[in-house]
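Hello,

Here is the structure I promised to pass on to you. My notes on what turned up in it follow just below.

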Amino acid sequence: MQRKIWWIQLAGMGLATLVATTSATAGWNEFCARCKLDFHRNQAWPEPFSTADRDIVRQHWEITEASGWRLQNTLGNELFHIDTHTLNTAGERKVKWILTYAPVHRRQVFVLQADTEQHSTQRMTSVQQHLASIAADETPVFYTDRDAPGVPGQYLQAVDQLYWSTQPPPRLPAATGGGTGSSDGSSGGGS
């Protein structure tokens, strides 16, 4: 090991010290590089970190938006015939809505898996045949296990009918015998 001995005179103090150095700098270059990096990072402080923070927040909202579109474009149980597992009229209209009104990058159809693999396959085949019949066979179709929240239409119709059946018929209040007019043509009130 090679040693160099240096005398360092501290300015104005008249003190001297003996410093021994070795050829191995014991990570001095890495330490200096890290200090320089930290200095420049502190000078530009909020920027490198706020960009990463923004990306994390955006990523959350992008995932949330994608989940919403997935639920919106899901063909649930009520859009298939119970016995044949083919699309009913409402299901065909939903597929048409997806192909017409959804943004281009969100035009994906999600088919809710049925209780058996055979029924799920029948649903998928029915959707793909319908897409081919309307010349939209390049639209991706996926299975999903999450059904869109909702209520069957028959239930909503029954609730609506019950609501309207309990409404009293519209009538004007019965006329009272007193009246507010006077014989001279002026309305009643003060003198």
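Glu65 has a relative accessible area of 40%, which makes it partly exposed (buried is under 20%, exposed over 50%, partly exposed in between, with a 1.4 Å probe and protein chains only). Its side chain meets that of Arg106 in a salt bridge, at 3.8 Å from N to O (a side-chain nitrogen of Lys or Arg within 4 Å of a carboxyl oxygen of Asp or Glu). Glu65 sits in helix H2 and Arg106 in the loop between H3 and E4, so the pair ties together parts 41 residues apart in sequence. Arg106 counts as buried, at 16%.

A word on the source: this is a predicted model, in which local features need pLDDT of at least 70 and side-chain atom pairs count only at pLDDT 80 or more, while totals for chains, interfaces and linings use all residues. Residues are numbered from 1 along each chain as its sequence is written, and side-chain values use heavy atoms, with hydrogens and water left out.

The whole structure holds four salt bridges. Another of them joins Asp55 and Arg58 (3.6 Å, N to O); these two are three residues apart in helix H2 (residues 46-72), or about one helical turn. Helices (H or I, at least four residues) and strands (E, at least two) are DSSP runs, numbered from the N terminus. In helix H1 (residues 28-43), Asp38 and Arg34 are four residues apart, again about one helical turn, and their closest N and O atoms are 3.3 Å apart in a salt bridge. Asp38 is partly exposed at 28%, and Arg34 is partly exposed at 45%.

Now for the sheet. Three strands form an open sheet in the order E3-E4-E5, with parallel pairing (two strands pair if DSSP finds at least two bridges between them). E3 and strand E5 (141-144) are at the edges with a single partner strand each, so one side of each has no neighbour in the sheet. Strand E4 (residues 109-112) pairs with E5 over four bridges, and Leu112 has Thr144 in E5 as its bridge partner.

His85 has a positive phi of about 60° although it is not a glycine, and it is buried at 8%. Ser126, in helix H4 (residues 117-133), touches His85, Thr86 and Leu87, not counting residues up to four places away in sequence (contact means heavy atoms within 4.5 Å). Ser126 is buried as well, at 10%.

Best wishes
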